[in-house]
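Grab the model and work through these exercises with it open. Try each task before you read the solution.

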Amino acid sequence: MKKKLVVLSGAGISAESGIQTFRDAGGLWEGHNVMDVATPQGWQKNPKLVLDFYNQRRRQLHEVQPNLGHQILTELEHHFEVQIITQNVDNLHEKSGSSNVLHLHGELLKVRSTKNSHYILDWQGDLNFGDFDDKGNQLRPHIVWFGEEVPALEEAVFLIKNADILIIIGTSLQVYPAASLMNFAKATIPVFYIDPNPAEIYNLPNEIKVIATTGEKGMKIVQKELKKLK
């Protein structure tokens, strides 16, 4: 029986594919104040700006490809039962071939109704003001904005609790509630933390192997380590 390998991924793994992270730019995301484009208040204030912002991100997403970090995670499915929990809204894990991906913060290639959160559609192109659900309500990006609930959190906690091995890759561990997920891991399991600027981790009983480098280089190192743990 394969061991359960759970991966918590953040923006750092996608950065090497050319997707910018707002935390690298002083709170600006592609030149925009995060509060203007990633909050319910920003949406209420200027929905057309928000739609345009995510349309640009969606177009960019069609132009980028998974990197070696994503590819190694896909290859690990041959040896482990791999479950990815990602804070990213891109589809690079899926594009690489990963089978089990849980998106904590929504998905760029999906939209949903402003009145019914369960009305979700796949969406490849631009989303415009005047695009409606079946009841005539405006559609919005299927993104969990700051201040909104994280519907997938309960499932993520369950997966972490049942993990045999945990990999944390490309995350500052500053965005909650995602940053608290590692606290649900069993005290006996190995934890690998890959990030060029790793955060200080306190009060975690696990033995954490911190790998202070990029996702691609870090996953090469972890891949070798995991051969001992199959």
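**Exercise 1.** Work out how covered strand E6 is and which strands it pairs with.

*Solution.* This is a predicted model, so start from its coordinates.

Step 1: Count the covered residues. Of the 8 residues in E6, 6 are buried.

Step 2: Look for one partner. E6 and E8 run antiparallel and are joined by 4 bridges; for instance, Ser113 has Leu139 of E8 as its bridge partner.

Step 3: Look for another. E7, residues 120-122, also runs antiparallel to E6, with 3 bridges between them. Here Arg112 is paired with Ile120 of E7.

Step 4: E6 and E7 make a hairpin, and 6 residues sit between them.

**Exercise 2.** Arg112 forms a salt bridge with Glu148. Decide whether each partner is buried or partly exposed.

*Solution.* Step 1: Check the distance. The N to O gap between the Arg112 and Glu148 side chains is 4.0 Å.

Step 1: Arg112 is in strand E6, while Glu148 is in the loop between E8 and helix H7 (153-161), so the bridge links parts of the chain 36 residues apart.

Step 2: Apply the 20% cut-off for buried. Arg112 has a relative accessible area of 11%, so Arg112 is buried. Glu148 comes in at 23%, so Glu148 counts as partly exposed.

Step 3: Widen the view. Arg140 joins Arg112 and Glu148 in a network of salt bridges.

**Exercise 3.** Where in the chain are the two partners of the Arg59 to Asp126 salt bridge?

*Solution.* Step 1: Note the contact. The closest N and O atoms of Arg59 and Asp126 are 2.8 Å apart.

Step 1: Locate them. Arg59 belongs to helix H4 and Asp126 to the loop between E7 and E8, 67 residues apart.

Step 2: Compare with the cut-offs. Arg59, at 40% relative accessible area, is partly exposed, and Asp126, at 32%, is partly exposed too.

Conventions
Residues numbered from 1 in each chain as written. Predicted model: local features only at pLDDT ≥ 70, side-chain atom pairs only at ≥ 80, totals over all residues. Heavy atoms only, no water. Buried < 20%, exposed > 50% of the residue type's maximum accessible area, 1.4 Å probe, protein only. Helix = DSSP H or I, 4+ residues; strand = E, 2+ residues; numbered from the N terminus. Pairing = 2+ DSSP bridges.
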